[in-house]
Amino acid sequence: MQAIPEDASQDAFSYITPMGYMSSSSCGYCRRNGNGQSQRRSYYTRSLSMSPACYQALVDRSWRRSGTLLYRPNQRDACCPHYTLRVDSADFRPTRDQRQTINRFNRFVIGDAYVKEAARRHPKTREQAHKRNSEFCLTERIHESESQSLKHPPEPAHSLVVTLESDDFTEEKYAVYENYQRIVHQEASSEISRSGFSKFLCNSPLTRETLTTSDGQEKRLGSYHQCYRLDGRLVAIGVLDLLPDAVSSVYFLYHESIHDWSPGKLGALREIALAMEGRYRWWYPGFYIHTCPKMRYKMDYSPKHILNPDGMRWVEVSDEVLAKFDSHGYLDFSRNGGDQVTNSMQKQDDVTMDDKTSLESEESDSDSSREYISLLDSNMPGLPPMDDIVSYDYDSIPVRLRAGIFPAVDVFQWQNEDEDIRHGAGPRGQLAQMAAAVGLDVMPQLCLDIRRV
């Protein structure tokens, strides 16, 4: 068995370990049990190392990650379908309420005394004052109360410092997480742990890179924590994946002491500003689930697009599209005419789920033992044509072992096997499911990692 030279492959691949297509015991959003009426199914993999570009390609195919776990839900089999949403930062204009939220927080940080004294010491020209009063520039106003943006003296009422830091675990960060889960989400202390925080929000598989654009500007790529410190104390954290064309929001958490200042809204606006400043173009607020009231805020940011699961194409969210959510089933955005609902469900009430609980739910589901079902026998939308899946070159897929990286045909030695990959549970059948889930165009970026660690 001849290994693929590591110097030609080691840095070229994103490494994933397929786990398969599995159903969940219950839906975390509507709390309905998987009794056959509405089982929720997803395809799962794990990754210990993935390039931001590869993950961007997966996100644009309805994937999402929870720590090192990656999953793609089947919207057709869901009582609470997941939809990928993105906001165009280039054309984003904050609403009156969003502008007021920023101004109110800035005034709190700076203080009235500073405003008066600074006006005396550092007066604006008539043109500057007119521009500030008549225009609202998000990338300017969002930084207005930061210590580095203020003129000294005088001293503001509070000191605000916002930094983009590595996504490493620290006790300072965990203290904010513990307070947020216990106070805001009212979780029992016994359910909150350092290992849980580290597992879901610190251990990212995304490699950290620096991308240089055509005009010489550098973009940071990878997973980061955007940390907000007020008077030297960490009070909020935005967990972010910085991708070649997007700022993807993983989670936002804050200390109860700043609850009155709408920190979630401030965090979203600052992430959109980061997308503008860093030329990432898109802001991804994560999955949108119409049956979850806590996710309705994602519709407050425009212009936005939603991913059509059937064709994996983006659709602008209009009033007509929003009206289609009323049936709470799977919707085909690509068709004309009335609502195209292939799996209508009765309306769900009393929903208390949010993004973080969703991440924990996916992790729990992926660890469960379920009845085997091939993804290729499923009704998951957006899979490649079956002929293309069957004819794909699975022999050459790179496979990572402790001894090196080898072609799949040498590792699994299936030359003489006659497996129907459409229904089989053997190695080729499993690889065919993985290829269908990630997309055949993404496969050349991937290396199957089956090392025992």
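How many aromatic pairs does the structure hold? There are 19 aromatic pairs, where rings of Phe, Tyr and Trp (its six-membered ring) pair if their centres lie within 6.5 Å. This is a predicted model, so local features need pLDDT of at least 70, side-chain atom pairs count only at pLDDT 80 or more, and totals for chains, interfaces and linings use all residues. Residues are numbered from 1 along each chain as its sequence is written, and side-chain values use heavy atoms, with hydrogens and water left out.

**View 1. A tilted pair, Phe169 and Tyr174.** The ring centres sit 6.2 Å apart with planes at 40 degrees, so this pair is tilted (under 30 degrees would be stacked, over 60 edge-to-face). Tyr174 is buried at 8% relative accessible area, while Phe169, at 31%, is partly exposed (buried is under 20%, exposed over 50%, partly exposed in between; 1.4 Å probe, protein chains only).

**View 2. Arginines over rings.** Arg86 lies over the face of Trp282, 3.5 Å from the ring centre. Arg400 has its charged end over the ring of Tyr15, 4.1 Å from the centre. The cut-off for a charge over a ring is NZ of Lys or CZ of Arg within 6 Å of the ring centre and within 35 degrees of the ring normal.

**View 3. A ring cluster.** Ring pairs tie together Tyr180, Tyr228, Tyr251, Phe252 and Tyr254.
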